[in-house]
Amino acid sequence: MDWWIGFLSAAVVAGTPLLFASLGGILSERVGNQNLGIEGMMLMGAVSGFIVAVKTSSPILAMLAAALAGLAGAFIYGVLAITFRTNQVVSGLTLTMFGTGLASFLGKPYVSMMTPQAIKSFFASRPIPILGDIPFIGPIFFKQDIFIYFGYALVIVLGFYIYKTRQGLNMRAVGQNPAAADAASINVTLYKYVHVLLGGALCGLGGAYLSLVYVPSWQENITAGLGWIAVALIIFATWNPYKAVFGSYLFGGLTILGFRLQGAGIHINQYLVDMTPYVVTILVLILVSQGHSVKNAPPKSLGLPYFREER
Amino acid sequence: MDNHTAYIEMVGITKTFGKVIANHDINLQVEKGEIHALLGENGAGKSTLMNMLSGIYTPDSGEIYLEGKKVSFNSPKDSIDAGIGMVHQHFKVIEVMTAAENVLLGQKGGILFKKEEKKKIAEISERYHLQVELDKVVNDMSVGEKQNLEILKVLYRGEKILILDEPTAVLTPQETEKLFQIMRRMKENGCAVLFISHKMNEVMEITDRVTVLRKGTTIKTLNTKETNPQELTELMVGHKMDLSIERVEQERGDLALKVSDLTVVANDGHQKLKNVAFELYFGEILGVAGIAGSGQKELCEAIAGLQEVKSGEIMFKGENLAKLTPRKIIELGIHMSFVPEDRLGMGLVAGMDMVDNLLLKKYQKQKGLFLDKKPAIEQAQKITDELEIVTPGISNYPVKNLSGGNIQKVLLGRELDLSPEVLVTAYPVRGLDINTCHKIYDLLNESKKDMVAVLFINEDLDVLIDLCDRIMVLSNGEVIDVVDAHNITKEEIGLMMLGKRVKGGDSVVSNN
């Protein structure tokens, strides 16, 4: 039992960067923009958050910096893919390469430096009264840090936004059929930019969770491919923020499973376990494409640039 | 000078796409409370003009006035705010959303209160007798329903000007009549309705005035009462034209194709064809009528060997085609030609030139490693001359850049050149101008005279009745009846398309 609680609460921690990144990706893909720059934006967020944390010791400023860095990365992508209608895949990949390089460059003087104490104590575990006392559930979900609680809130807000507001409806319409959305007086370009940029900000935060809380120090290539797992996770979650929570913690759990099992005396190579998120994603992909379910299908205009006067 | 200001006035509108001049110095005036037709052939610039009124395109030059005030539309939003709503030829709806959600798109406000909103929408749809199920997902709707939804969207926003772009192209005669009633009701309420069409009888029936466009210019605006179809056609085409379609009366030959008990099931489990049975004879044109998506596509593809068949037989010369691949059919020496609905998708390779497209069907008979282009070049030249194809070149010019009519001619020319015994054509005249349409009808008649068995799927019932020997009506994957085209009316076919059987050849219609 204790092993399970320990493992699952660690899975929530490990899944949190994935949650932020996949929510960001969902926002972007919901308006039809596949952004493969998630890994790059996470790294930009991670390094910016860390530098600001070291310079100011302010957790709020650090998070803000991380979000802005991710947003800046998304802006580069947005200008390319939305305004200039370049190929989304290539634009996203470029962003990842750019972000990786930039983070290594900016982070060079900070390698192996630890996160300041003020930050560490701010993000220390803060049990929520009452909820934290629920057996099993409590220690797993409600004896965590503020960043994780912020993640919960974000899921609820985004879920409500996407499914229950007019803006959410409009945004889904843009991702499905921008021409129809345009004809219904929705400002397609604005919707695309807003969601791609917000998505980038969330990716930046996802990266910052690594450098500020999870690791917590700066090391080169700190994301180690989590951004790519997030890309798979978006599909796994069928573009639904609620399912993204489940997926993030599941994938988070898989990334630490090898070490945990070793601790319990079972020896499985971590590299083998590392493959499981992708295997699971492939299985889900197959299931989703077999089902012909309209509900789980990707946004129809995903990957396609929109030009109003196209004939 | 006339001091009267028109409700909508478009002055000197010019719009070009690259080198193509879609609209050149077009003028249009529309009054309140009138139904105004825009009449013209495909490519005359009707849709382009209306897309400028609805803010999708911005004109290169020219001005638009609403009630005398100059307006400029930079986006569909500006146009909608000015009270203009458009129902596009290709519906602009979100397939995965419900009708209600589609209506609510693009509105101001925060949280969605679906219940209250739905009440409001339901009121409006009742007032105009629009039949739309608000909770139905658009994907599951018939074409007629989708169109009603599009009109509902416009009415919900309280627009005063409604533009309908070829709304009747996909409707049964009965659905068309319903649409006309809605248009009349809007007219009574002081709205202006702009009606794009190339169907003469509809224009004569429903409109108050007609503006004829030809090759991107305004030809003339007339009062519908003071004109006639003949005059309108002449204005539209630019020269005198015989509109009648000739039917070659001849004895039909032997049985060519016998289809029995044919059932096709789609991937998602829907039955697309249910126990379809019919016979096709040499030297006849068998028409196929039906609402879009009633199984026409599956029928064609099953015969051509492209569609997996669940059960049933397609017997041709003692071979069951249902079990053969297209390649096998060719190898057996069965000369069958298929002109598919989707010309550039299935019929031709869009990015290749005409010669290469002809080679696609020829190379299989060639021996050796290298392609011999010569015969294909000669054939391309021959088809170009015979069918009067307008092209900058038969090689090094991708077929996708040709106009729709010319693409169709390339495809038909290739297929007919193989001197087929069976010709299956799906919507061969869709989107073509009148001249080309008649050229294609002539080609079909020629084939019939050569004792080819022709299966002709088309959406224009008038054409089917005039051209075919017999007409098979499909509804929901079932054959409702195969009737003699000599004594059947459009209305009767319309009823059968909805799944109702019509007794006998006379217009005795069974109740229900």
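**Exercise 1.** At roughly what angle do the axes of helix α12 and helix α13 of chain B cross, and within what distance do they come?

*Solution.* Keep in mind that this is a predicted model, where local features need pLDDT of at least 70 and side-chain atom pairs count only at pLDDT 80 or more, while totals for chains, interfaces and linings use all residues. Residues are numbered from 1 along each chain as its sequence is written, chains are lettered from A in the order in which they are written, and side-chain values use heavy atoms, leaving out hydrogens and water.

Step 1: find α12(B) at residues 354-362 and α13(B) at residues 374-386. Helices are DSSP runs (H or I, at least four residues), numbered from the N terminus.

Step 2: take the axes, which are lines fitted to C-alpha atoms over the stretch in contact, with angles from 0 to 180 degrees between N-to-C directions. The two axes come within 9 Å and cross at roughly 115°.

Step 3: look at the residues in contact (heavy atoms within 4.5 Å). Among them are B:Leu358 and B:Leu359 of α12(B), and B:Ile377 and B:Ile383 of α13(B).

**Exercise 2.** Which side chains of chain A and chain B meet in a salt bridge with an N to O distance of 2.3 Å?

*Solution.* Step 1: collect the residues that touch, 35 from chain B and 26 from chain A.

Step 2: apply the salt-bridge rule (a side-chain nitrogen of Lys or Arg within 4 Å of a carboxyl oxygen of Asp or Glu). Across this interface the rule finds 2 salt bridges.

Step 3: pick out the pair, A:Arg166 and B:Glu117.

Step 4: see which part of chain B gives the largest share of the side that touches chain A: α2(B), with 3 residues.

Key: Helices (H or I, at least four residues) and strands (E, at least two) are DSSP runs, numbered from the N terminus.
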